[in-house]
Amino acid sequence: MSAAAPKSVESSSLEPSCRDTAAHALSIVRDGVITGEGPTTKGRVHFSRSLDADDTAWCMRILTATAVNDQPVSRAEAEVLFEINEAATERSDGGRFDDLLAKAVAHYAASASGLKVPPRSVALSADTEIESWAPSYASKVNSEMLEWIAGQMRGKRHNNRRLMAMVATFLGATALPLAGQLPNVFDIGM
């Protein structure tokens, strides 16, 4: 993680006490990405609609705060991450946000499907391969979760290759009803 997100910029709205306040804190990061202003952009040059390593560090810090680290990523948190992904037309974080988004969505989908997930600090770490903990077969993931992910990705300007690869891995014979929707979500040559 970057040395970004200096302590001097901390505010109570960016220190989550539960998953709801984490989703709210992520929305503050989203607003900073959109406008280039706000508590997560203070003290640095930040252009509107850009996402940099500091923004990604804020997201990671919020998602792995002590108060939420041992809880699964919530749908609300994942939805705000998708909003950040869509808002950022320029990227300068070396792909770290894409990795974080894919892992957070997998964490949410797996836990909502009744599967055990590791603590966020492990699952979302840049040093942890998603394959080491995420389910590798669609039969293990609730089809509603796969449909939700497909819906979040459908028609978006930015497609996250890491997330698309994860969804493609999830899809097997047990997820054939979704296969017809996939060409609309992303181009995988079907």
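Where does Asn 142 lie? Asn 142 is found in the loop between α5 (120-123) and α6 (143-153), where helices (H or I, at least four residues) and strands (E, at least two) are DSSP runs, numbered from the N terminus. The structure is a predicted model, in which local features need pLDDT of at least 70 and side-chain atom pairs count only at pLDDT 80 or more, while totals for chains, interfaces and linings use all residues. Residues are numbered from 1 along each chain as its sequence is written, and side-chain values use heavy atoms, with hydrogens and water left out.

With a relative accessibility of 32%, Asn 142 counts as partly exposed, a class that falls between buried (under 20% relative accessible area) and exposed (over 50%), with a 1.4 Å probe and protein chains only. A polar atom of the Asn 142 side chain lies 2.6 Å from the backbone nitrogen of Glu 144. The C-alpha atoms of Asn 142 and Ser 111 are separated by 9.8 Å, although these residues are 31 residues apart along the chain.

Helix α2 can be followed next, beginning at its N-terminal end. This end is capped by Asp 52, of which a side-chain oxygen lies 3.1 Å from the backbone nitrogen of Asp 54. Helix α2 is mostly covered, since nine of its eleven residues are buried, among them Asp 55, Trp 58, Arg 61 and Ile 62. The cover over these buried residues includes α1 (19-35), β1 (50-52), α3 (75-87), α4 and α5.

Two packed helices are described by the angle between their axes and the distance between the axes. The axes of α2 (residues 53-63) and α4 (residues 96-112) come within 9 Å and cross at roughly 25°, the axes being lines fitted to C-alpha atoms over the stretch in contact, with angles that run from 0 to 180 degrees between N-to-C directions. The two helices α2 and α4 are therefore roughly parallel to each other, a description used for angles under 35 degrees. In this pair, Thr 56, Cys 59, Met 60 and Leu 63 of α2 meet Arg 96, Phe 97 and Leu 100 of α4, contact being heavy atoms within 4.5 Å. By class, five nonpolar residues, one polar and one charged make up this contact of α2 with α4.

Beyond α2, Thr 64 has its place in the loop between α2 and α3. A polar atom of the Thr 64 side chain lies 2.7 Å from the backbone oxygen of Met 60. Leaving aside residues up to four places away in sequence, Thr 64 touches Asn 69, Arg 120, Ser 121 and Leu 124.

Terms used. Parallel < 35°, antiparallel > 145°, perpendicular 65-115°, else oblique. Nonpolar A, V, L, I, M, F, W, Y, C, P; charged D, E, K, R; others polar. Polar contact = N/O pair within 3.5 Å; in protein donor to acceptor, adjacent residues only side chain to side chain.
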